[in-house]
Amino acid sequence: MPNIYIIYRAMFDHNGTMHTIGGIENYILSLCDVFTRQGWPCHIVQPAKKAFTLTTPQYTIHSVTTGLYRGNLKKIALANWVSENADKNNDIIIFATDSYSVKMPDYKTLAIQHGISWDKPRAAKSAISQYCSSLLSQYKYLSYIKSDCSLVCVDHNFVNWYRTWFNIEQQHMKVIYNFYSEKISESEFAKKWSDDNATLNIIIARRFVDYRGIKLIAPIIKQLLPQYNIQVSFAGDGPLKPYLTELFANEVKVKLMQYGPNESFSVHKRQHIAIIPTLGSEGTSLSMIEAMAAGCMVISSNVGGLSNLIINGFNGRLVMPNTAEFTQALTTSLNDYQQSKTLAYNGLTSIAKVCSKENWAQDWIDMIKHKQG
């Protein structure tokens, strides 16, 4: 029976309360739930100014003082602590992100690659400086991949990029898509997409930052509001919130909102169209998967792992991240209710098994058993 050690940045305080709850943090907690059900004790190892250990029914938190190590070097101190406590013949070490991985010879290690993040739009530069900047970024991310460390990727986009650099057979990789926890029923879908609907609800559930496409999609929404009977929700938070507040001031058809991780399904069940206008740094988006599982028709940019989930014109709309294509996709969707309903239904059925939490959990169980040998 292996112990599972998960190495990541500080998630908890000394009371076991989480500092922030984001996508990676939820991913870690879900892994702990899966492994605990298998009888595999889980240990979350994080840096701290003062060491402490806290045990819960799902995992044990080990906060490790990192001494003189600062910044990115803290991960070395965490790996050293694990090497002193883990059984190299039996236990499994997981780096919660590939950027936290370090060489641990003779230990059974794997890292999680959450999607390419170095494809974000860059400030205007000369062609030579852009090339050099891109080359340095790619060298940096290649350095995270260790030959003796297996890699779990959330999409095929990363795998295909890696293939352009090295022989893929020399690195053990497995693609495990992100997952949904709940799925809308057939009767709920039929009620949601009833022909009696007078208003279409649209949601953009994104962090309010530039690379998530907020400034791309917001003016399009502003332009189309007078033409259609729609209600639009921007769900999230971030530095562009004042921009959205000003743009849609006194606009009754638009609201800004936030919801907790456990509320995503109930929120998306009330929506008809989910827009993912991201410009870069995207894997198999959890918000996209949750939207499809809730019966939403998705309009998405063709960035990162998003194209692993959407086939344009079959189970959603996949477009270039620019104003013309998003405007066309949204107006077409609003003008053809029945086609949008069909795309939403195809989206729901296409991910029903592939992105189910049960399927995700089994893939991870198989991965751990493979590492054990």
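A residue counts as buried under 20% relative accessible area, as exposed over 50%, and as partly exposed in between. Keep that scale in mind as we walk through this predicted model, because it tells us how to read Trp81: at 21% relative accessibility, Trp81 counts as partly exposed.

A search of the whole structure turns up 19 aromatic pairs. In one of them, the ring centres of Tyr5 and Trp81 are 6.5 Å apart and the ring planes stand at 65 degrees, so this pair is edge-to-face. Tyr5 belongs to strand E1 (residues 4–7) while Trp81 belongs to helix H2 (residues 74–85), so the pair ties together parts that are 76 residues apart in sequence.

Now move along to another pair, Trp118 and Tyr141. Here the ring centres lie 4.1 Å apart with planes at 20 degrees, so the pair is stacked. Trp118 sits in the loop between strand E6 (108–113) and helix H3 (127–143), and Tyr141 is in helix H3 itself, so parts 23 residues apart in sequence are tied together. Both Trp118 and Tyr141 are buried. They also belong to a cluster linked by ring pairs, together with Tyr144, Phe158, Trp161, Tyr162 and Phe166.

The charged end of Lys120 sits over the ring of Tyr211, 4.1 Å from its centre. Likewise, Lys215 lies over the face of Tyr243, at 5.3 Å from the ring centre.

Let us turn next to a sheet. Strands of a sheet pair through backbone hydrogen bonds, in either a parallel or an antiparallel way. The sheet to look for here is open, with six strands in the order E11-E10-E9-E12-E13-E14 and parallel pairing. At its edges are strand E11 (254–257) and strand E14 (317–319), each pairing on one side only. From one strand to the next, the twist averages 20 degrees.

For a closer look, follow strand E10 (residues 230–235), which pairs with E11 in the parallel sense over four bridges. Along this pairing, Ser233 stands opposite Lys255 in E11. Helices accompany the sheet as well. Helix H6 (residues 214–224) lies across strand E9 (200–205), E10, E11 and strand E12 (273–276), running at about 160 degrees to E10. Helix H11 (residues 337–351) also packs on the sheet, where it touches E9, strand E13 (297–301) and E14, and its direction makes about 80 degrees with that of E13.

Note on methods: Residues are numbered from 1 along each chain as its sequence is written. This is a predicted model: local features need pLDDT of at least 70, side-chain atom pairs count only at pLDDT 80 or more; totals for chains, interfaces and linings use all residues. Side-chain values use heavy atoms; hydrogens and water are left out. Two strands pair if DSSP finds at least two bridges between them. Helices (H or I, at least four residues) and strands (E, at least two) are DSSP runs, numbered from the N terminus. Axes are lines fitted to C-alpha atoms, for helices over the stretch in contact, and angles run from 0 to 180 degrees between N-to-C directions. Contact means heavy atoms within 4.5 Å. Rings of Phe, Tyr and Trp (its six-membered ring) pair if their centres lie within 6.5 Å; planes under 30 degrees apart count as stacked, over 60 as edge-to-face and the rest as tilted. Buried means under 20% relative accessible area, exposed over 50%, partly exposed in between (1.4 Å probe, protein chains only). A charge sits over a ring if NZ of Lys or CZ of Arg is within 6 Å of the ring centre and within 35 degrees of the ring normal.
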